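Student: I would like a close look at one part of this model, the side chains that meet at its surface. Please go through the contacts one by one and say where each partner sits.

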Amino acid sequence: MSMIETMAQGTPVVATAVGGIPDALEGGRAGVLVERTVEGLAVVLERWYDDPVAWGAVAEGAGRVFAERFAISRIVSEYDGVYAGAFL
């Protein structure tokens, strides 16, 4: 849940490839997958520190992915469809 909240704020995600995280990051559009090591995390953070334009592009992507996939209006609409189908 914190990953989705991060994306909602337009902040890129740095995460490991567990569960549905790779799918949610959409191939790097909303963040970066790293190995479960300090070095893996450091490489990404250094890259973004040295290149704020790259960080900004992924930050913008994170906000867009949130709006497209996880915004409350979209989720409510999907639930409405599920419930409507269940009671027909």
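Tutor: The account below starts with a group of charged side chains and then turns to a helix and the segment after it.

The model is a predicted one. The count of salt bridges in it comes to six. Some of these join up: Asp23, Glu26, Arg29, Glu68 and Arg69 are linked in a network of salt bridges.

Arginine 69, at a relative accessible area of 22%, is partly exposed; the limit for a buried residue is under 20%.

Arginine 69 also meets glutamate 26 in a salt bridge, at 3.4 Å from N to O. Here the partners are arginine 69 in helix H4 and glutamate 26 in the loop between H2 and S2, so the contact ties together parts that are 43 residues apart in sequence. That loop runs between helix H2 (21-24) and strand S2 (31-33). Glutamate 26 has a relative accessible area of 28%, so it is partly exposed. Its backbone deserves a note as well: phi of glutamate 26 is near 50°, which is a positive value in a residue other than glycine.

Arginine 74 and glutamate 78 meet through their side chains at 3.0 Å, N to O. Both lie in helix H5, four residues apart, or about one turn of the helix. Arginine 74 has a relative accessible area of 36% and is partly exposed. Glutamate 78, at 40% relative accessibility, also counts as partly exposed.

The aromatic side chains come next. A pair of aromatic rings is described by the distance of the centres and the angle of the planes. One aromatic pair is found in a search of the whole structure. The rings are those of tyrosine 79 and tyrosine 83, with centres 6.3 Å apart and planes at 25°, so the pair is stacked; planes under 30 degrees apart count as stacked. Both tyrosines lie in helix H5, four residues apart, about one turn of the helix. Tyrosine 83 has 49% relative accessibility, so it counts as partly exposed, whereas exposed would need over 50%.

Tyr79, Tyr83 and Phe87 make a nonpolar surface patch of about 420 Å². Phenylalanine 87 is placed in the segment after helix H5 (72-86). With 69% relative accessibility, phenylalanine 87 counts as exposed.

Key:
Residues numbered from 1 in each chain as written. Predicted model: local features only at pLDDT ≥ 70, side-chain atom pairs only at ≥ 80, totals over all residues. Heavy atoms only, no water. Patch = residues over 30% accessible without salt bridge, like charges linked within 9 Å, V, L, I, M, F, W, Y side chains within 5 Å. Areas by Shrake-Rupley, 256 points an atom, 1.4 Å probe, with all protein chains shown as cover. Salt bridge = Lys/Arg side-chain N within 4 Å of Asp/Glu carboxyl O. Helix = DSSP H or I, 4+ residues; strand = E, 2+ residues; numbered from the N terminus. Buried < 20%, exposed > 50% of the residue type's maximum accessible area, 1.4 Å probe, protein only. Phe/Tyr/Trp six-rings, centres within 6.5 Å; stacked < 30°, edge-to-face > 60°.
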